[in-house]
Amino acid sequence: MPTHDLYANDPGGSPWEVPATGAARFSWEYDDGRDRLLALYQKGKDKQWDGRTRIDWDLEVDPYDTLGAPDEMMSLYGTPYWNKLTDKDKGELRRHYASWQFSQFLHGEQGAMICAARIVESVPDLDAKFYSATQVMDEARHAEIYGRFLHEKIGLVYPINDNLQSLLGDTLRDSRWDMPYLGMQVLIEGLALAAFGMIRDTTDKPLPKQILTYVMQDEARHVAFGRMALRDYYKQLTEAELREREEFVIEGCYLMRDRLRGVEVLENFGIPKADAEAFSERSEYLRLFRKLLFSRIVPCVKDIGLWGRRLQQAYADMGVFEMGDSSLDLLMAQDEELAERLDAERFAAEERERAVEVEEAIDSGAAEG
Ligand SMILES: [Fe+2]
Ligand SMILES: [Fe+2]
């Protein structure tokens, strides 16, 4: 079915066109790669996988309870609106929220694919072009998988959130080659990764858990790439140039924290925007969720050398300053390990099933004989 028929709201005239600026750069040096970046490129090639076969698409999903989230997670919970909802309405609201969330993942993945392609085009060094080419493929697979999940399992799609779109537009319109890294690899991916992780670690529904676990295995490489490239480059920038990047980060972080809340879902249920915003502000659960969204961005920003006074102040204001001390390496290693463990468990379960089948076949053979 065309996605157009599944949109909760009209996504507007398509396609969205962002004029390209900046140069496409060729490098004639083919034998001067940085070892760590080339090792990451090799890993990117080795770890390719196919969502059609690695994910168990036969697993059933209840679209009215996609993630098994408790009522407290809904921003309407405990308000007069909530008390008026029937169980059927609540199921429908859950479906819309899940759709909104996974739709933002889907549009973000398409954005990541386009930004990675832009990096291939504009980054000066060939080793970074090589690596980023593997990321283009990773992001294509992610978009394919989220798209399939929305089409087949939820049956409802939301347009891209206005603020996510504007951050994406700012990232792509900038002619400086490091900006797709900063806007996409650090900010948008950092935010997405934290959201993926929170869902992966709390949902008891097997299909979304599988999808998020495997996607996060790839994202661990993407973050490593962004850090490597920017850490090297930002050492060469002047104070003024670094401050410009910090301003971009501060603005992007506030925008994502305050404006990426799924208010458009509640509006579809007839709740005025101001009320919807107030509810998500008041919800204890969502406050924690918003804070945790920064768990991947803050340590990354600090690590690449953007840790000026204004940025520190902004993070203190958001209550996420201390996250700068958490270890990204540890988080990424865990992401990779969880995916490998899930594969091992599923593989072991399949082996057991096969063993039982063989035993049964032998038993029935013995009985007949
Ligand atoms: Fe991705
Ligand atoms: Fe990514």
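Biologist: What share of the contacts between residues at least 6 apart in sequence join residues at least 24 apart?

Modeller: In the protein that share is 83%, where a contact means heavy atoms within 4.5 Å. Please note that this is a predicted model: local features need pLDDT of at least 70, side-chain atom pairs count only at pLDDT 80 or more, and totals for chains, interfaces and linings use all residues. Residues are numbered from 1 along each chain as its sequence is written, chains are lettered from A and ligands numbered from 1 in the order in which they are written, and side-chain values use heavy atoms, with hydrogens and water left out.

Biologist: How many helices and strands does the protein have?

Modeller: There are 15 helices and zero strands. Both are DSSP runs numbered from the N terminus, with helices being H or I of at least four residues and strands E of at least two.

Biologist: What percentage of the residues is buried?

Modeller: Buried residues account for 49% of the 369. Buried means under 20% relative accessible area, exposed over 50%, and partly exposed in between, using a 1.4 Å probe and protein chains only.

Biologist: Now the metals. Which residues coordinate the iron ion (ligand 1)?

Modeller: The iron ion (ligand 1) is held by Glu109 (OE), Glu139 (OE), His142 (ND1) and Glu219 (OE), at 2.0 to 2.3 Å. Donors are N, O and S atoms within 2.8 Å of the metal (3.2 Å for Na, K and Ca); water is not among the atoms, so sites may look incomplete.

Biologist: Why is the arrangement around the iron ion (ligand 1) irregular?

Modeller: It is irregular because the four donor atoms subtend angles of 86 to 138°. Four donors count as tetrahedral if all angles lie between 85 and 135 degrees; four count as square planar and six as octahedral if opposite donors are over 155 degrees apart and all others between 65 and 115; anything else is irregular.

Biologist: How are those donors spaced along the chain?

Modeller: The spacing for the iron ion (ligand 1) is E-x29-E-x2-H-x76-E. His142 is in helix 5 and Glu219 in helix 8, so this pair ties together parts that are 77 residues apart in sequence. Both side chains belong to buried residues, His142 at 0% relative accessible area and Glu219 at 2%.

Biologist: Which protein donors does the iron ion (ligand 2) have?

Modeller: Glu139 (OE), Glu189 (OE), Glu219 (OE) and His222 (ND1) lie 2.0 to 2.2 Å from the iron ion (ligand 2). Their four donor atoms subtend angles of 76 to 158°, which makes this arrangement irregular. The spacing in sequence is E-x49-E-x29-E-x2-H. Glu189 in helix 7 (residues 179-202) and His222 in helix 8 (residues 206-234) form a pair linking distant parts of the chain, 33 residues apart. Glu189 counts as buried at 7% relative accessibility, and His222 is buried at 0%.

Biologist: Changing topic, how many disulfides does the structure hold?

Modeller: The structure holds zero disulfides, a disulfide being a pair of cysteine sulfur atoms within 2.5 Å. For Cys115, the nearest cysteine sulfur is that of Cys300, 15 Å away.

Biologist: Lastly, where is Lys273 placed, and what does it contact?

Modeller: Lys273 is in helix 11 (residues 273-282). Leaving aside neighbours within four places in sequence, Lys273 is in contact with Val263 and Glu267. Lys273 is partly exposed, at 46% relative accessible area.
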